[in-house]
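Colleague: I would like to learn how to read charged pairs and helices in a model. Where should we start?

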Amino acid sequence: MITRYTGCGKRVCTLVTSLKASSNSLYALPRDLSSVPRDLAGVTRDQQYRGGFEGGRWWGFLAGGVLAASVSHEANETDSNAAPSSTIPNLDPLLSTTDDTSLSVPPHLLTQLDEWYTTGQYSELMSLLDSFADIECAELLWRRARAEWQILKSVGQDPSILGRSDRVSQIQGLVDLLDRALELDERCSAAHHWKAVLSNACSGSAGLKNQFKNLETMRYHLEQAIELDPTDTDSMTLLGAWHMELLELSWVQRNFISLFCTFPNCSYEQALELFLRAEQLAPAVSLSNSYLTGKACFRLGRKTEAKRFLEQALDCHAVTKEDQIVLEEAKRFYNSSF
């Protein structure tokens, strides 16, 4: 199974304040990747926010710990305390030929890239990707964008390193990789997924007007990802959260968005359908999906089901910082509703 990791930053309830906070910036990619924090489970799915630029959240999905916590089971099982490898392993076995001539890259190589991403072995991962730098392959391009985004977020703690224009430029470079991946293979579901995540991050760094205008782009690519991969629970949760966050906005906030673009069509019914599809594919797939399912049920007056899903969320173990944020939010919502 392909591991995508799409996390989020903090809560969207900090909406306007968080938007103003988007002046935070990111580091340039470090040369010594061994210095990058290996707490992948803590920053992924997407550390926050997919947006990850800790600070300009909101459509960092839309900024909340909600999505960050929708980390896959593989990520939750990652030993984030394991020491990173200090040397690059012999890549010859991975670069061997394959009988599958329909692929530009051997399948076992892609598996290795995903494994190193999951375990936070960025030096090995980037070294292997660099070995195939001359090969234009959608499967390699979206994995490079995913890895560089995670590295960028993991070290983006010093707001004095990059100015806003540099930050936008760096993230745009990753979006360009995904655009190229989709040119090569428009049916690559993972490329659509990450295009949604990174176009959102890029627009969020570029200002409110661009961020709002990107809402439909984000929705389109998440819908494409789900259509092409009906088992993509990550995109289902994220798209459902896209509906929920818009619906939770105040009248003033909705009208503010309408100054820049037509307010998107969204509904609790559509959000709940997406959450339930994810639950059907993988029961209790994530803490955030359980919480959002319960919240959507409550908004629709289905209180018995809401109580069940919220209690399911409360029974989950918080593995990451984002999990803890969502768990605390779920507790507050449960206590105020029942």
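Modeller: This is a predicted model. Start with Arg143 and Asp114, whose side chains form a salt bridge at 3.0 Å, N to O. The two belong to distant parts of the chain, with Arg143 in helix H7 (residues 138-155) and Asp114 in helix H5, 29 residues apart.

Colleague: Are Arg143 and Asp114 buried or exposed?

Modeller: Both Arg143 and Asp114 are buried. For Arg143 the relative accessibility is 4%.

Colleague: Which residue of helix H7 lies four residues from Arg143?

Modeller: In general, an α-helix has 3.6 residues a turn, so residues three or four places apart point the same way. Here Glu139 is four residues from Arg143 within helix H7, about one turn. Their side chains meet in a salt bridge of 2.6 Å, N to O. Glu139 is partly exposed, at 23% relative accessible area. Through shared partners, salt bridges join Asp114, Glu139, Arg143 and Arg146 into one network.

Colleague: How many salt bridges does the structure hold?

Modeller: There are 14. One of the pairs is Glu136 with Arg180, at 2.5 Å, N to O. Glu136 sits in the loop between H6 and H7 and Arg180 in helix H8 (residues 164-184), so this pair ties together parts 44 residues apart in sequence. Glu136 is partly exposed at 46%, and Arg180 is partly exposed at 29%.

Colleague: What span should helix H11 have?

Modeller: At 1.5 Å a residue, the 14 residues of H11 (residues 215-228) should span 20 Å, and the end C-alpha atoms are 20 Å apart, which agrees. Buried residues in H11 include Leu215, Met218 and Leu222.

Conventions
Residues numbered from 1 in each chain as written. Predicted model: local features only at pLDDT ≥ 70, side-chain atom pairs only at ≥ 80, totals over all residues. Heavy atoms only, no water. Expected span 1.5 Å × (residues − 1). Buried < 20%, exposed > 50% of the residue type's maximum accessible area, 1.4 Å probe, protein only. Salt bridge = Lys/Arg side-chain N within 4 Å of Asp/Glu carboxyl O.
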